Amino acid sequence: MRSAAPPEAPNGTPNVTGVFLYQDRLHDNTRYCKSLLDNARLGRIGTLDTLPAGYPGCTSYEVAGFFCGGNGSTVSDTSNVRKTQTSVMNHIYCTPQAGNRYNFIGLHASASDAWIIYDADDASGGDRPNEDFPDPGDNHGADGGNVVFADGHAAWVPRKLYVGSFIRGCDEAHQLAASQ
Ligand SMILES: [Ca+2]
Ligand SMILES: [Ca+2]
């Protein structure tokens, strides 16, 4: 059972964690997200590219809410499987990958492998040619990216492990599966 959180110290005295105020943990940001489904200035639509004029768009991360995610509304055991407490433990990998490096078909997913949220990585040409793969122009360059997994842990995923982690995390075909 979690013990009671130490009280904030409005007079500037550090609490037992050594942090003066909760505000200090926000690194000068004045806004924080209470819900991953409401994570931008305009709520859910704020995560989309199309915003009214005057609103800075999008976020610098992506939500990976489905296994076998894809456009469209088809939902089955092999398409658009919403990640839930049950599915992150019971989903069976089913998506073929190019090449021979990543064949997880028939294996069960696990919460510690399932991706939930990660540094945004969308292909946009130039120095960001690859979708969901670290490139020089991405948030952390070509080094890798941060990922939050369904068991609650977060990890830095380096480039050399990125494709395999993505496939285990999302059960989606990765365009670089044959070479990375
Ligand atoms: Ca992406
Ligand atoms: Ca990229």
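Modeller: A residue is called buried if 20 or more other C-beta atoms lie within 10 Å of its own, and exposed if 12 or fewer do. The model discussed here is a predicted one.

Colleague: What percentage of the 180 residues in the protein chain do buried residues make up?

Modeller: The count of C-beta atoms within 10 Å sorts the residues into buried, partly exposed and exposed. Applied to the 180 residues of the protein chain, this gives a buried share of 20%.

Colleague: In what pattern do the helices and strands follow one another along the sequence?

Modeller: The protein chain contains two helices and six strands. Read along the sequence, these elements give the pattern β-β-β-α-β-β-β-α.

Colleague: Which strands are the edge strands of the open sheet?

Modeller: Four strands form this open sheet, with antiparallel pairing, in the order β1-β4-β5-β6. Neighbouring strands in the sheet are turned against each other by 25 degrees on average, direction ignored. An edge strand pairs on one side only, and the strands that do so are β1 (61-63) and β6 (154-158).

Colleague: Which residue of β4 does V63 stand opposite?

Modeller: Strands of a sheet are held in pairs through backbone hydrogen bonds, either parallel or antiparallel. Here β1 and β4 pair in the antiparallel sense, over three bridges. In β4, the residue opposite V63 is I117.

Colleague: What angle does the direction of α2 make with that of β6?

Modeller: Helix α2 packs on the sheet, where it touches β4, β5 and β6. Its direction and that of β6 make an angle of about 125 degrees.

Colleague: With which residues is V163 in contact, leaving aside its neighbours within four places in sequence?

Modeller: V163 is one of the core residues that touch the most other members. Beyond four places in sequence, its contacts are F133, H174, L176, A177 and Q180.

Colleague: Is P96 buried or exposed?

Modeller: P96 is found in the loop between α1 (87-90) and β4. Not counting residues up to four places away in sequence, P96 touches I105 and A173. Because P96 has 10 other C-beta atoms within 10 Å, it is classed as exposed.

How values were computed:
Residues are numbered from 1 along each chain as its sequence is written. Chains are lettered from A and ligands numbered from 1 in the order in which they are written. This is a predicted model: local features need pLDDT of at least 70, side-chain atom pairs count only at pLDDT 80 or more; totals for chains, interfaces and linings use all residues. A nonpolar core is a set of buried Ala, Val, Leu, Ile, Met, Phe, Trp, Tyr and Cys residues joined through C-beta atoms within 7 Å. Two residues are in contact if their C-beta atoms, placed from the backbone, lie within 7 Å. Two strands pair if DSSP finds at least two bridges between them. Axes are lines fitted to C-alpha atoms, for helices over the stretch in contact, and angles run from 0 to 180 degrees between N-to-C directions.
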